[in-house]
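Take a look at the model below.

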Amino acid sequence: MAFHQSDALARVQPSATLAVTQKARELRAQGVDVISLGAGEPDFDTPDHIKEAAIAAIRAGKTKYTAVDGIPELKAAIVSKFERENGLAYTPDQVSVAPGGKPIIYNALVATLNPGDEVLFPAPYWVSYPEMVRLCGGEPKVIPAEIDTGFKITPAQLESAITPKTKWFIFNSPSNPTGAGYSADEIRGLTDVLLRHPQVMIMTDDMYEHIVYNGYEFATIAQVEPRLYDRTLTTNGVSKAFSMTGWRIGYAAGPKDLISAMRKVISQTTSNACSISQWAALAALEGPMDFIRERNDAFKRRRDIVLADINAADGLSAPVPEGAFYIFAECSGWIGKTTPKGTTLHNDVEVCSALLDEEAVAAVPGTAFGGSPCFRISYATDDDSLREAGKRVRRFASSLL
């Protein structure tokens, strides 16, 4: 019997970041000295106290099904986290836990979107936003942010993008892929607009909350504008700051009726997140966090290494990110040029293909993030690899004709 994919799936593109990472793995297996700057994954290990909590949970037999959207202990810790760090008051029945940040976002979208509903988000955006919206039957609508604004949108842009069909506004700060972090005042400009459009729900993707630099102070929408509290789903997770990408724990807090709808989705799809991972996440949220500052110091040093090489390379430029661990390099100066192997670069997809083929540096095309011509570099890897990658990128730039 021939396979026929659904119309919904036909609208969706596979993840570009995962594709680049897989290609780099394949080349390494062939003996190529690839420097992979594609994956958004810290190279630091999960802290020992978190791993020990997971081991203790296994030994205590905490290996059974749990409540579909989180154990009570973890929900209580999430409530405390939002109160302690963000000044947001929630109750456990306003909290949802899922196997990763992606399912949290998808559950909210599939629970609320009808065909034709629009979902707004700034571009450059995380690659999964538009594809999840399409998979849920909605229509993604981007608000383009330019390099000269530090890849941040303005209130006027948001105002002009909202229509009667707008169901959600997704807001990611600090941003994947740009590292752009909005100040509380910049967020207030956006919330002033959102207050005038009561049909629009807000989803904040705060996954990089703790990975910030140069005195940048994180703020989230419901914190900045309490009048939007009842319309806001504040999402987060333990993957980035706690180096727990493989543990697969995301969480969110928001209106009870929305959380209840998301619980219904979870009950008929993934069911609960891994029980062991939930106990590990509890230890992460309740345990010491001094290591985050130490790791941020390393990330900042790495950021500066990459920025120096990007801005020294002919035809490249990038703003200074406030957070996360990405550089979004603008490469219009390379478009139309020819590589030493004779490849003419017409777009950022060809740029990244040539970088990988001719210099064994793996980066992700900006097209995948709705920002072109650019490419994303993840600096969540060791200093020596980043320095070597910088040499290769500068060599590639100087070789173009």
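Predicted model: local features only at pLDDT ≥ 70, side-chain atom pairs only at ≥ 80, totals over all residues.

Residues are numbered from 1 along each chain as its sequence is written, and side-chain values use heavy atoms, with hydrogens and water left out.

Find Ser173 in the loop between β5 (166–172) and α8 (184–195). Helices (H or I, at least four residues) and strands (E, at least two) are DSSP runs, numbered from the N terminus. Ser173 is buried, at a relative accessible area of 2%; buried means under 20% (1.4 Å probe, protein chains only). A polar atom of the Ser173 side chain lies 2.9 Å from the backbone nitrogen of Tyr182.

Now the cavities. A cavity is a set of points on a 1 Å grid over the protein atoms alone where a 1.4 Å probe fits but cannot get out; lining residues have an atom within 4 Å of a point. A volume is the space filled by probe spheres set on the points, which are joined across faces, edges and corners. The whole structure holds 4 cavities of 30 Å³ or more.

The largest cavity has about 110 Å³ of space. Its lining has 17 residues; Pro122, Pro124, Tyr125, Asn172 and Ser175 lie nearest the centre. β3 (118–123) and β5 each give two or more residues to this lining.

The second largest cavity has about 70 Å³ of space. Its lining includes Leu37, Val306 and Asp309. α14 (383–399) gives the most to that lining, with 4 residues.

Technical notes: Buried < 20%, exposed > 50% of the residue type's maximum accessible area, 1.4 Å probe, protein only. Polar contact = N/O pair within 3.5 Å; in protein donor to acceptor, adjacent residues only side chain to side chain. 1 Å grid on protein atoms, 1.4 Å probe; cavity = no way out; pocket = protein on both sides within 12 Å on 5 of 7 lines; lining within 4 Å.
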